[in-house]
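Please look over the sequence and the three-dimensional structure shown here before reading the report.

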Amino acid sequence: MAEIKSKYFHAINILTDNCTGCTACVRVCPTEAIRVRNRKAEIDPNRCIDCGNCLTVCQFHAIIPKSDSLEILQNFKHRVAIVSSSYAGQFTEDISYSAAKQALFALGFDEVFEESMVTEFMIRMIREYIRANRDKRPILSSNCPAVVRLIQVKYPSLLPNLYHQEAPMSILTRYLREKIVAEKGLQDSELGIFLIVPCVAHVTAVHQPEGAYKHLQDGAFSIGMIYGKVREYLKDAVNNPADVETYSKGLTWALSGVQAELVDCEDIRALSVNGVENVKDILSRVEDHYLDQYDYIVLRSCTNGCVGGCLNIENPFVAMSRIKKIIKEAPAREINVDPLAKLSEAGEFDVAPLQPRSIMELDKDIKNAIKKMKKINEFLIMLPGLDCSACGSPSCYALAEDIVQGKASIDDCVVLLKRHNREEADSEYNE
Amino acid sequence: MAEYWNIAPERKEFVESFFKDCPEPEVSLEFIITEKDFNTAGKGSAEIKNLLKRLGIDSEILRRVAVASYEAEINVAAHSVGGRMTSNVYDELIHIRFEDNGPGIADIAQAMTPGFSTADDLVREMGFGAGLGLSNIEKNSDMLHIVSERGKNTVLELMIFFG
């Protein structure tokens, strides 16, 4: 594959040898980032938002997730894992969450923390932020890295509405890094903090965080990648349970609907939206100010929220049901949030203003853009309008745009080619 | 026949010469609006917004175009037997014309009043018909022109400048 130059990292690889050029990925990409050229899929890194749709739809294992190898744990003296809330929903009900958490130690971690530990604190922080920013409505959640990137590329005018504070796993990282380094007398470089995540977007966010001021995590492992190993250790964890504490009440973070309900209160109206197509629809309406009655909108690219992440094992609805069951049966467990509150007040969780990565403009100059638009319309009239993707572009419109931008030719249209051949054959016959 | 004009004072001269010269648009888009079809009503204005995004139009202008064209499109679907929406893009502005096939507005001044609505139960059940459509269009456009005759049809056209 011809690598398109870009400053953007993505946690997705295309295995060219496996790619059949079927265009399934081209059709499911929410930002039209994929083209099939010379019978191979190519991803435009400027457009990709790491949603993982292409990876899920590919039948040929040609689109695969990038994930760090567990071997990198060896580079650190003290290794800490922070596990995403959706992890709890990936196991059958005979396996307790504490056993599933215990099994993670066997992968080589000295300590395991949970995203869910800070959920309650997050809710508090989000509410304070909403109240302190009355001039911006609605505030949009920023936890889902795919949503943040979607707004950067397609809805840049909404960037100021994003909740400009770190996500829970990064907040926890900030807090733990200082605390553990001091407690264990370590150098910062001796401490490795790693995330266990449900999707490619979170892997990307670890390697290229948006708006982060300081060094956060040292790597990310996907739930899908470690699952096999975890299963090996599970039996032992079930038979020899150690005293592993869990913070199950906060697992709500994995469920977009429940998270909105938690933020919602007397003076804050919250809305929950999940699934990337729904998110696009809602963002377009926010742009038009049709949803200003909401104070906060929870936006997640995957079905039901992070439980729908493409690198999870379990179906998002089953996983959601399991997590809800765990939450219901869990004992309340308080954590001391004073140190977090102190860091928050000191601005340690602030995020730098997020910058647009706009892909929408045809040209910087409006007159040239109009000229290009005219040409696009001319090509559009010639094209059959079937949106079959056989040319390798997602739609006839996208092909017309690709032609005008010099990235494709009208001869790429298979339908036109066939019509042309038929006409030639007919005229030869008539002669 | 009744007629209604509202032009931003600083655009008056331009609008007059525009209607006199009738310049050719650079880009033109057309949509058919079907009576009471609220599933597709709104697609036209969404397409217009997408088109203007590609031209790099400022986001605040984009919002005004989106709101004005959406309200007008919904009006045609809710109150008429259907019609068409023609959007013409020029270097410095967009001109959108909504022409329906009847039945016309009885009293334009009354229809412009915020809160006044003749929407039937079906339309209200769909969540439309709050009576803010026309005043919203007026608020968001630089030029609004309505020509209507009860028993015939309505033509609504609006202009929004890019800068």
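This is a predicted model: local features need pLDDT of at least 70, side-chain atom pairs count only at pLDDT 80 or more; totals for chains, interfaces and linings use all residues.

In chain A, helix H14 spans residues 396–404, and eight of its nine residues are buried, so the helix is largely enclosed by the rest of the structure. The buried residues of H14(A) are Cys396(A), Ala398(A), Leu399(A), Ala400(A), Glu401(A), Asp402(A), Ile403(A) and Val404(A), and what covers them includes helix H13 (366–382) of chain A. Just after H14(A), the backbone at Gly406(A) takes a positive phi of about 75°.

His10(A) lies in the segment before strand S1 (12–14) of chain A. Is this residue buried or exposed? His10(A) is buried, because 20 other C-beta atoms lie within 10 Å, and a residue counts as buried at 20 or more. Leaving aside neighbours within four places in sequence, His10(A) is in contact with Ile43(A), Pro45(A), Cys48(A), Asp50(A) and Thr204(A). From His10(A) to Lys407(A) the separation is 397 residues in sequence and 22 Å in space, C-alpha to C-alpha.

The contact between the chains takes 16 residues from chain A and 15 residues from chain B. On the side of chain B that touches chain A, the elements giving two or more residues are helix H2 (43–54) and helix H3 (59–79) of chain B, and H3(B) gives the most, with five residues. The table sets out that side by class.

| Class, side of chain B that touches chain A | Count |
|---|---|
| Nonpolar | eight residues |
| Polar | two residues |

Notes. Residues are numbered from 1 along each chain as its sequence is written. Chains are lettered from A and ligands numbered from 1 in the order in which they are written. A residue is buried if 20 or more other C-beta atoms lie within 10 Å of its own, exposed if 12 or fewer, and partly exposed in between; C-beta atoms are placed from the backbone. Helices (H or I, at least four residues) and strands (E, at least two) are DSSP runs, numbered from the N terminus. Two residues are in contact if their C-beta atoms, placed from the backbone, lie within 7 Å. Ala, Val, Leu, Ile, Met, Phe, Trp, Tyr, Cys and Pro count as nonpolar, Asp, Glu, Lys and Arg as charged, and the others, Gly among them, as polar.
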